[in-house]
Amino acid sequence: MIDHAHDLASVRDATDRLLIAVAKMDNASVAEPSRLPGWSRGHVLAHIARNADALVNVLEGRPMYISGDARDADIERDAPRPLDVHLADLRESAARFQEAGAVPADWSRTVELRNGVTDSASRLPFRRWVEVDLHHVDLGIGYELEDLPEQFVERETDFLTERFAGRPDVPPTHLTDGTRAWGTGRAASTPEITVTGSGPDLLGWLAGRRDGSALTVRGGALPTLPPL
């Protein structure tokens, strides 16, 4: 069972880590490229803040974004801001999300996200945790996949392997970190491919953050995964 209260606390912890790290940057480093193609670090920071407000919209029964174009325009508008404005926005938007999450509600209800995707409201805090911690890594300022909490790595690996499960363009694949195991790809009685590696390396490949070169692959080539 998903514990949304636990995840809200984990979001707060992840946000605190992010704010401490970002506060050590300067205006010049905010304008530098992030690890996400075409985005500066300012784009990443703007996206993290606007995502908090978008999830508040979902919690309160409004559309996540007015439109995809409006979402992109907001990020482009906010990306060039100086560091102090980014920090204030990150703090204030994070507080709005925590306040919305503290309101008594039916956490078992179904909510709608982007592009018609639906989910249980109880998963929204974990979705926010993913946004904060993975994009912290994307900033390229010293926080790496190996620094992510172990529970986070396992749960996000669970989520991503489920997301790719049943995909006809992904061969039946068995993943293991030597202790835990997952299956993904199209349905089959036995997997075609076995992928072995550390938890962070498996997650990095599944999340499109690493090319998989550190993984051991048996049974064929490392599968090409659809974009997230």
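Is Trp129 buried or exposed? Trp129 is buried, with a relative accessible area of 2%. The legends below start from this residue. The model shown is predicted.

**View 1. Phe126 and Trp129 pair within helix α6.**
The structure holds three aromatic pairs. In one of them, the ring centres of Phe126 and Trp129 are 5.7 Å apart and the planes stand at 85°, so the pair is edge-to-face. The angle is over the 60 degrees that this class requires. Both residues belong to α6, which covers residues 124-138. Three residues separate them, about one turn of the helix. Phe126 counts as buried at 4% relative accessibility.

**View 2. Phe126 also pairs with Phe152.**
Here the centres of the two rings lie 5.9 Å apart. Their planes meet at 45°, so this pair is tilted. The pair links distant parts of the chain, with Phe126 in α6 and Phe152 in helix α7 (residues 150-164). The two residues are 26 residues apart. Phe152 is buried, and its relative accessible area is 0%. Phe126, Trp129 and Phe152 together form one aromatic cluster.

**View 3. Two arginines sit over aromatic rings.**
The charged end of Arg155 is placed over the ring of Phe126. Its distance from the ring centre is 4.2 Å. Elsewhere, Arg71 lies over the face of Tyr65. That distance to the ring centre is 5.8 Å.

**View 4. Helix α6 is largely enclosed.**
α6 has 15 residues. From first C-alpha to last, the helix reaches 21 Å, close to the 21 Å expected at 1.5 Å a residue. Of its 15 residues, 13 are buried, so the rest of the structure largely encloses the helix. Gly140 follows α6 and has a positive phi, near 65°.

**View 5. Asn115 has a positive phi in a loop.**
Most residues other than glycine have a negative phi. Asn115 is not a glycine, yet its phi is positive, at about 55°. The residue lies in the loop between β1 (110-112) and β2 (118-120). Asn115 is exposed, with a relative accessible area of 74%.

**View 6. Helices α7 and α8 cross.**
Two packed helices are described by the angle between their axes and the distance between the axes. For α7 and α8 (residues 199-206), the axes come within 10 Å. They cross at roughly 40°. The crossing is left-handed. On the α7 side, the residues in contact are Phe152, Val153, Glu156, Thr157, Leu160, Thr161 and Phe164. They meet Gly199, Pro200, Leu203 and Leu206 of α8.

**View 7. Val195 is buried in strand β5.**
Val195 is found in β5, which spans residues 193-196. Its relative accessible area is 0%. Which residues does Val195 touch, not counting residues up to four places away in sequence? They are Thr173, His174, Leu175, Thr176, Leu202, Leu215, Thr216, Val217 and Leu222. Val195 and Thr173 are 22 residues apart in sequence. In space, their C-alpha atoms are 7.3 Å apart.

Terms used: Residues numbered from 1 in each chain as written. Predicted model: local features only at pLDDT ≥ 70, side-chain atom pairs only at ≥ 80, totals over all residues. Heavy atoms only, no water. Phe/Tyr/Trp six-rings, centres within 6.5 Å; stacked < 30°, edge-to-face > 60°. Helix = DSSP H or I, 4+ residues; strand = E, 2+ residues; numbered from the N terminus. Buried < 20%, exposed > 50% of the residue type's maximum accessible area, 1.4 Å probe, protein only. Lys NZ or Arg CZ within 6 Å of the ring centre and 35° of its normal. Expected span 1.5 Å × (residues − 1). Axes fitted to C-alpha atoms, helices over the stretch in contact; angles between N-to-C directions. Left-handed = near helix turned anticlockwise from the far one by under 90°. Contact = heavy atoms within 4.5 Å.
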